[in-house]
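This briefing goes through one structure topic by topic. Please keep the sequence and the coordinates at hand while reading.

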Amino acid sequence: MSTTTRTTGGAIGASLDRIDGPQKVTGTAPYAYEHHVDNPLYLFPIRSEIARGRVTGIDASAAEALPGMVTVITHENAPQLADTSDRELAILQSDEVAFRGQYIGAVIAETFEVARHAAGLVEVSYDEEPHEAELRENDSDLYTPEQLNAGFPTDTEEGDVDEAFSSAAVTLDERYTTPMEHNNPMEPHTTIALWETGNLTLYESTQGAHPVQRTVAQVFGLDRNRVRVVAPYVGGGFGSKGLPHANTILAALAARMIEGRPVKFALTRQQMFTGVGYRTPTIQRIQLGADEEGHLTAIDHDVIEQTSKIKEFAEQTAVATRSLYATQSRRTTHRLAALDVPVPSWMRAPGEAPGMYALEAAMDEMAIACNLDPIEFRIRNEPEIDAETGLPYSSRNLVACLREGAKRFGWKDRDPSPRARQEGRWLVGTGVASSTYPVFRLPGSRATIRYEGDGRYAVEIGAADIGTGAWTALIQISADAIGVSIEDINLRIGDTTFPFASVAGGSSGITVWGSAIFEAARVFRERHGENPSEGDEVQARTPDNPETENYAMHAFGAYFVEARVDVDTCEVRVPRMAGVFAVGRIINAKTARSQFIGGMTMGLSMALHEESLVDGRFGHVVNHDFAEYHIPTNADVGTMDISWIDEDDPYVNPMGSKGIGEIGIVGSAAAVANAVHHATGVRVRDLPITPDKLLR
Amino acid sequence: MKPYSYQRAEDVDGAVAALVEQPNAKFLAGGTNLVDLMKLGVEEPDALVDVRRLTSDHVEDLDDGGLRIGAAVPNSVLAADRKIRTRYPALSQALLAGASGQLRNLATTGGNLLQRTRCVYWQDVTTPCNKREPGSGCSAIEGHNKNHAILGASEHCVATHPSDMAVAMYALDAFVVVHGPDGERRFPIEELHRLPGDEPQRDTTLEHGELITAVDLPPLDLAANSKYRKVRERASYAFALVSVAAALDVEDGVVRDVRIALGGVAHKPWRATKAEEALRGEPANEANFHAAADIELEDAQPLRDNAFKIPLARNIIARTLLDLSEER
């Protein structure tokens with residue numbers, strides 16, 4: 001571990017090594033599957049092989065005859081759930097099949113190997129009905145959802161868009177698509193479930209122990225205090241572990257049938273492509289209008305995307321378009337197709353990631369149409385206030401990010417003509433794009449601070465560290481909040497035994513958990529002073545922030561990308577990316593840098609690699625492993641130049657921080673796409689940009 | 001995954017005998033492909049006979065000036081071998097373009113030749129596949145087939161062979177040495193793999209119980225001027241969209257001799273003999289290289305998603321030959 005400062009008050013902002021680093025690299029940090037439990041059983045799921053219909057028969061006799069078999073659970077013998085209103089979670093409650101890959105049963109055995117073998121021996125017969133599993137632009141059943149994810153309105157309109165568009169000096173009308181993508185954290189979704197005397201313990205890989213506790217308690221009809229969720233270390237989530245999925249319910253249902261014995265269930269990589277969420281494919285039409293000087297007069301962003309017939313998830317794809325640039329008129333719409341598919345869900349920056357790809361690619365095309373440098377074009381359309389709320393921004397440094405990035409990247413002498421530079425067999429191009437992400441403030445988190453003697457303070461909050469570095473950042477925040485050094489903090493997180501913490505989602509974790517800790521520290525000093533007695537403790541919740549009535553709060557950033565495209569093969573490589581961010585105060589420079597690198601790498605991945613291929617005949621993703629579903633290897637990631645603007649935002653929260661988990665993916669795919677266009681002169685609007693789409 | 005027995009044979013004859021006795025047994029070497037397929041339920045042997053220690057793990061000189069590669073030579077060792085790197089560089093490059101460092105350490109020369117296809121439908125027991133279940137139909141012909149064959153496919157199967165190493169060996173005129181119930185046989189590598197025809201379940205011409213014990217590289221002067229070019233969607237750890245292995249001998253601007261093999265285009269590594277014939281005795285220039293590629297690709301039959309492989313193959317054949325004529 002690095003040496004750290006002992007002076008108090010300077011912990012926030014320090015470039016501290018992860019305090020859990022040594023445990024992780026020595027394999028001693030227990031992930032969900034690795035908690036020691038006595039006498040465990042192993043679960044392997046039985047999944048539907050049709051996309052829609054009914055299970056008419058299940059013959060488990062061959063499976064049940066195997067030595068080491070314990071039981072087969074299906075809708076015929078599964079315990080009844082108390083609340084089946086969430087149809088994603090209401091598994092094994094009927095013979096109905098709503099998508100291919102849905103859980104229709106499970107085998108529980110003494111070993112994993114027997115469970116997997118037995119699952120393959122279970123014969124299932126079906127009554128199959130016609131299904132629709134592919135998103136189509138001309139689907140006549142497209143509908144308008146009541147609202148979007150996170151409560152955003154479905155459609156917005158300001159000014160007369162049609163009039164502004166028809167009278168604009170320069171116009172653009174293009175269609176951009178993004179494919180279905182799967183989150184695929186390194187650690188698959190995992191549960192160990194144990195029922196003892198009516199109490200359920202879940203060792204869970206999750207982005208929120210308390211949200212799992214609440215959902216599971218409701219589904220099983222239990223008092224919350226009868227469900228304990230333990231999740232001290234989590235191997236990534238990217239949103240797919242933000243909401244509990246059916247795998248958790250399946251493990252808990254199975255364990256209920258074998259009271260007193262823990263049941264372990266970890267998904268295989270292939271199983272990660274059904275039932276734990278994904279990013280909807282999107283079809284986006286963007287129309288832009290501008291005057292002779294390149295001031296936008298009309299923005300229209302119309303989105304078509306999918307959801308599942310059993311549960312609605314409406315990605316807020318066009319929300320960033322509602323405020324990022326100034327315009328006289330603006331319209332955004334979202335339409336959904338409800339299909340016989342698994343339920344889409346959160347994937348890193350739901351909404352902003354696909355929406356800002358389309359908007360920022362369109363902005364690049366429009367800059368060219370207006371004969372303006374793409375940075376200048378964006379600066380020219382910088383708004384004074386947030387168009388969505390009518391409020392001023394608490395801080396907005398997009399222009400500073402663009403200018404600083406241009407300097408660092410060496411943008412100044414860029415020749416805008418496409419396909420004009422070649423080095424050896426490589427066509428070389430550069431691209432830029434903006435980024436933005438809202439400051440979400442989820443309510444309800446609480447923190448306990450207790451003086452434990454010897455100058456040491458316990459800080460307890462049920463927060464989840466999904467690999468972001470929350471263990472370390474929360475210690476830094478606690479040290480400054482309480483006014484001690486980081487060595488004096490005993491942080492306890494990742495367990496519903498500790499006070500409620502909201503989900504690690506919406507880039508809100510550190511900001512709201514940290515706010516609760518600051519509030520608890522303030523109350524603690526108020527009640528117990530500077531010289532507390534051992535055992536003195538307080539609990540406080542994240543206070544409301546009255547400034548949200550006065551200011552719109554968003555983070556911003558800008559990317560600069562160099563892309564190289566092989567002239568013979570159209571292979572795309574990205575030797576360097578630069579990201580400059582304006583995200584308030586940075587809590588830990590080291591882990592923050594990792595977050596930005598991770599986000600930008602995922603943007604690179606979105607631009608060039610990721611695509612879940614659905615075969616409409618069967619209804620499932622056919623490229624369901626890492627050999628076929630590509631994400632970047634180390635060799636694909638070049639130099640990542642990460643920096644940030646010093647931004648003092650006194651309105652967001654006591655730390656002055658804005659949240660950084662998602663902004664790095666927002667817009668970065670567009671910067672790559674724009675660089676590929678600059679290199680080749682070919683505008684690929686359908687992600688991912690693979691050689692087959694560039695070869696002429 | 002079905003339970004299976006595991007045994008380690010004492011010698012090659014014992015391994016062959018063990019397979020002859022057990023009709024649903026398989027040889028196990030590195031296991032980098034077979035074990036994965038067993039987990040997926042695609043391969044379901046009753047018994048595995050471990051042959052890893054039975055064949056040579058060395059590269060040896062042959063009397064004719066060629067090299068004999070033991071079937072147990074790991075891919076990483078073969079790629080690093082000095083004689084391979086200097087006399088047959090395309091083979092070393094092909095090996096290093098394949099898989100990952102960890103896999104190359106485990107994977108063997110014999111096993112690499114017997115890799116099964118990466119067709120997503122073949123690897124998924126819930127979808128029809130003639131290669132896995134003859135007569136069930138081919139899901140790829142009207143499905144996602146970007147990675148599938150443009151040459152030599154049949155109405156029953158459009159799968160491709162995934163090996164990089166084998167493509168280089170095809171270009172280098174390699175021979176395969178096989179031990180079977182009837183003793184040893186040695187034959188050109190082109191006769192090892194088959195086109196799918198109406199028996200797509202058969203990848204190779206090997207009979208049950210036949211074990212690859214070595215691969216021979218004949219002496220081939222032009223092989224010292226050889227190269228492997230692999231096109232893939234990411235910089236490492238991806239199967240080829242298309243690859244080419246080529247060797248070229250140019251004298252006074254004229255092609256004296258040439259070898260070309262393609263990967264990622266067919267059910268087997270594709271020796272481009274038509275292109276080779278068209279080039280011998282012709283001036284070594286870009287126009288002729290393109291024209292030769294066009295002749296080879298004349299019979300290409302693209303599917304819904306893979307028409308791009310035709311210009312791609314054409315471009316990298318020409319580019320690789322140009323590189324070889326410039327580097328000479």
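What pLDDT does chain A average, and what percentage of the residues score at least 70? The model is a predicted one; chain A averages a pLDDT of 97, and 99% of the residues reach at least 70.

**Confidence**
- Residues 1-7 of chain A have a pLDDT that stays under 50, and the model gives this stretch 10 contacts beyond four places in sequence.
- Where pLDDT is low, predicted coordinates should not be read in detail.

**Overall form of chain A**
- Chain A contains 14 helices and 26 strands.
- The C-alpha trace spans about 75 × 70 × 50 Å along its principal axes.
- The radius of gyration of chain A is 26 Å, in agreement with the value near 26 Å for a compact globule of 696 residues.
- Of the 696 residues in chain A, 58% are buried.
- Among contacts between residues at least 6 apart in sequence, 82% join residues at least 24 apart.

**Domains of chain A**
- The domain assignment divides chain A into domain 1 (21-30 + 442-544), domain 2 (33-130 + 185-268) and domain 3 (149-180 + 278-440 + 550-694).
- A distance of 32 Å separates the C-alpha centres of domain 1 and domain 2 of chain A.
- In the contact between these two domains, 17 residues of domain 1 of chain A meet 22 residues of domain 2 of chain A.
- The domain 1 side of that contact has 8 nonpolar, 7 polar and 2 charged residues.

**Helix α5 of chain A**
- Helix α5 (residues 209-220) of chain A has 12 residues and reaches 16 Å from its first C-alpha to its last, close to the 16 Å expected at 1.5 Å a residue.
- Because 9 of the 12 residues of α5(A) are buried, the helix is largely enclosed by the rest of the structure.
- The buried residues of α5(A) include A:H210, A:P211, A:V216 and A:F220.
- Their cover includes β10 (199-204), β11 (227-230) and α6 (246-257) of chain A.
- After α5(A) comes A:G221, which has a positive phi, near 70°.

**Backbone features**
- Most residues other than glycine have a negative phi, and most peptide bonds are trans.
- A:N39 has a positive phi, near 60°, and is found in the loop between α1 (21-25) and β1 (41-47) of chain A.
- A:N39 has 8 other C-beta atoms within 10 Å, so this residue is exposed.
- A:N184 also has a positive phi, near 50°, and its place is in the loop between β8 (170-178) and β9 (190-196) of chain A.
- A:N184 counts as buried because 21 C-beta neighbours lie inside 10 Å.
- The peptide bond from A:L687 to A:P688 is cis, with omega near -5°.
- A:P688 belongs to the loop between α13 (668-680) and α14 of chain A.

**Contact between chains A and B**
- Chain A gives 26 residues to the contact and chain B gives 27 residues.
- On the chain A side, α3 (112-121) and α14 (691-694) each supply at least two residues.
- The largest share of that side, 4 residues, comes from α3(A).
- By class, the chain A side has 8 nonpolar, 8 polar and 10 charged residues.

Methods. Residues are numbered from 1 along each chain as its sequence is written. Chains are lettered from A and ligands numbered from 1 in the order in which they are written. This is a predicted model: local features need pLDDT of at least 70, side-chain atom pairs count only at pLDDT 80 or more; totals for chains, interfaces and linings use all residues. Two residues are in contact if their C-beta atoms, placed from the backbone, lie within 7 Å. Ala, Val, Leu, Ile, Met, Phe, Trp, Tyr, Cys and Pro count as nonpolar, Asp, Glu, Lys and Arg as charged, and the others, Gly among them, as polar. The expected span of a helix is 1.5 Å times one less than its number of residues. A residue is buried if 20 or more other C-beta atoms lie within 10 Å of its own, exposed if 12 or fewer, and partly exposed in between; C-beta atoms are placed from the backbone. Domain bounds come from an automatic or database domain assignment. pLDDT is the predictor's confidence in each residue, from 0 to 100. The radius of gyration is taken over C-alpha atoms; the globule rule is 2.2 Å times the number of residues to the power 0.38.
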